[in-house]
Each structure stands twice: as structure tokens, then as C-alpha cells.
Amino acid sequence: MLIVLIGPPGSGKGTQAKRLVDYLQIPHLSTGELLREAIAKDTSLGRLAAQYMDHGRLVPDPLVLAMVGEKLQEPQFSRGCLFDGFPRTLQQARALEESLQQRGTPLDMALELRADEDELIARMLKRAAAERRTDDNPETIAHRMEVFRQQTTPLLDYYRFRELLVTVDAMGTPDEVFDRIKEAIAWVRSKKSVTT
Ligand code: AP5
Ligand code: MG
């Protein structure tokens, strides 16, 4: 399966992706994690990306698309992929659609995780103490939320129009959210078996 996870910062994309890779036996591709790895290794991409990420801004599309394009060449991704935090702009979504079309493997679903902003902020501030992510501070969190609203929410219509969007309530415990996601996947699979 090829699934795109869309959700605001703190909505649980990474948390649910961990569960989903076991459940679906497909690899996980998180652009945020790849970029943080590049920063940790102090590569030229990492140095450039840090200038954006530390302020909660999106890393420019060409950089992200080149990074994802390279990663998708790895043989493990021929089995499917769980995209986490990618695409985040319409340009990224169009580029992904084109590259999947070329491979002859269209996207199966775009899974939106939706939660109240107060809850998202509380989750990230809690994580800030434990993980020390440089973008988990109140000012940068607020900017990440705004960037999501402005640049990523248009993707919801993009995928709705393509009948790929499924929205899941991301409030509640991680297990409760995961149960809802499994239901959504079962629904998408049953719909496919009816139409194919
Ligand atoms: P990215 O790493 O993707 O971060 P994000 O979207 O801001 O989201 P988070 O990773 O903070 O949250 P999440 O939804 O994964 O939630 P999580 O499971 O961790 O991106 C970081 C930056 O990289 C961007 O700002 C941008 O600069 C750059 N970037 C990345 N991709 C890009 C792209 N495609 N284009 C351009 N730039 C890009 O959960 C959060 C916390 O809550 C955790 O502590 C978790 O344990 C807890 N939690 C999770 N679920 C629950 C629950 N149900 N109840 C209680 N706590 C929960
Ligand atoms: Mg994440």
C-alpha cells in the first residue's frame, strides 16, 4: 500500500506510523526524520535545512523533492510506502503523483489526522522536555501550525477531489487513534475490492 499521512504538528503522524509499518509491513518515509538525520550528520543539506526547520518554515520544495526522489530508489520502497509529513505543499503532491504514475503504483489513500490545536500544543511541549527538538518551543510551534494551515491544508481538497482522503479523529489515546486508522484502512481496502 502507498499511504500519505497528513496532519498538523503533534497530530501523531510519527507515533501512528510506527504502528502502521508493523501492521502493513511497508517502509516508513518521514521527511522530517530524514532532514533531522541530515542535520545530525552535518551534511550540506542538513545545514541548509536547519535554517528553515529551526524557525518552523518549510524546507524548499526542490531540496525535499530531490531527497525523497533519491530515497524512493531504495528497493524496499517497491513494496509500498507510508509517507509521513510528505507531501506538504501542492507542488510536492503533484510531483509525488507524477512519480508514482511513472512507476505505475498510484496512491491508495491520504490519511488525515485531525486534533484540537490546544491538545497538539500540549503534546509538543511535553515532548520538548524529553526529546529537545529544536522546533518544539512555543514560538516555533505557533509558526509550524500557521505554515500547516496555509501551505498544507490545500492538500486536503487536492486528495478529496481524487477520492483518496480519509479523515481520522486523532484525539484520545494512541491505541484509540490506531484502532480508528485500522478501520479506515479496512474501509479503503473493501472499497477497492468492490471497484476492481
Ligand atoms: P516533521 O518532523 O514532519 O514535524 P511536524 O509535522 O511538525 O510534526 P511532528 O513530528 O512534531 O508531530 P507528529 O505529527 O509526527 O506527531 P508525533 O507522533 O511526533 O517536520 C519538521 C520540520 O521539517 C518542518 O517544520 C519543516 O521545516 C521540515 N519538513 C519536514 N517535511 C517537510 C516537507 N515535506 N517539506 C518541507 N519541509 C519539511 O507526536 C507528537 C508528540 O505527541 C509525541 O511526544 C507523542 O508521543 C505524543 N502523542 C502522539 N499521539 C498521542 C496521543 N494520541 N495522545 C497523547 N500524546 C500523543
Ligand atoms: Mg513526526
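How much space lies in the largest cavity? I started my notebook with this question, and since the model is predicted, I treat every value below as computed from that prediction.

**Entry 1: the cavity**

I found about 50 Å³ of space in the largest cavity, and my search of the whole structure gave one cavity of 30 Å³ or more. Strand S1 (2–6) and helix H7 (138–152) are the elements that give two or more residues to the lining of this largest cavity. Among the lining residues I noted Leu-5, Ile-6, Gly-7, Lys-13, Arg-88 and Phe-148. When I sorted the lining of the largest cavity by class, I counted five nonpolar, three polar and two charged residues.

**Entry 2: the strands**

I next asked which strands pair with S4, and I looked up S1 first. S1 and S4 run parallel and are joined by four bridges, with Ile-6 having Glu-112 as its bridge partner in S4. S4 also pairs with strand S5 (residues 165–169), again in the parallel sense, over five bridges, and here Arg-114 has Asp-169 as its partner in S5.

Why do I call S4 largely enclosed by the rest of the structure? I do so because five of the six residues of this strand (residues 109–114) are buried.

I then turned to strand S3 (residues 81–84), where I found both faces covered, with Cys-81 and Phe-83 buried on one side and Leu-82 and Asp-84 buried on the other. I reminded myself that in a regular strand the side chains alternate between the two faces of the sheet. S3 pairs with S1 in the parallel sense over four bridges, and Leu-2 stands opposite Cys-81. Three bridges join S3 to S2, and these two strands also run parallel.

**Entry 3: Ser-30**

Is Ser-30 buried or exposed? I found its relative accessible area to be 6%, and because buried means under 20%, I wrote down Ser-30 as buried. Ser-30 belongs to strand S2 (residues 28–30) and stands opposite Asp-84 in S3. I also noted that the side chain of Ser-30 reaches the backbone nitrogen of Glu-33 at 3.0 Å.

**Entry 4: ligand 1**

I looked up which residues come nearest to ligand 1, and of the 29 residues around it they are Thr-15, Thr-31, Arg-57, Arg-88 and Arg-127. For Arg-88 I recorded a polar side-chain atom at 2.6 Å from an oxygen atom of the ligand. Lys-13 likewise has a polar side-chain atom 2.9 Å from an oxygen atom of ligand 1, whereas for Gly-14 a polar backbone atom lies 3.0 Å from a ligand oxygen atom. Going back to my entry on the cavity, I saw that Lys-13 and Arg-88 are also listed in the lining of the largest cavity.

I found a volume of about 1,000 Å³ for the largest pocket. Of the 45 residues that line this pocket, Gly-10, Lys-13, Arg-127, Arg-133 and Arg-144 are the closest to its centre. The elements that give two or more residues to this lining include helix H1 (13–24), S2, helix H2 (31–40) and H7. By class, the lining of the largest pocket divides into 14 nonpolar, 17 polar and 14 charged residues.

For the second largest pocket I noted about 230 Å³ of space. H2 and helix H4 (61–72) each supply at least two residues of its lining, and Leu-34, Glu-37, Met-67 and Glu-70 are among the residues that line this pocket.

Notes: Residues numbered from 1 in each chain as written. Chains lettered and ligands numbered in written order. Predicted model: local features only at pLDDT ≥ 70, side-chain atom pairs only at ≥ 80, totals over all residues. Heavy atoms only, no water. 1 Å grid on protein atoms, 1.4 Å probe; cavity = no way out; pocket = protein on both sides within 12 Å on 5 of 7 lines; lining within 4 Å. Points joined across faces, edges and corners; volume = space filled by probe spheres on them. Nonpolar A, V, L, I, M, F, W, Y, C, P; charged D, E, K, R; others polar. Buried < 20%, exposed > 50% of the residue type's maximum accessible area, 1.4 Å probe, protein only. Pairing = 2+ DSSP bridges. Near = heavy atom within 4 Å. Polar contact = N/O pair within 3.5 Å; in protein donor to acceptor, adjacent residues only side chain to side chain.
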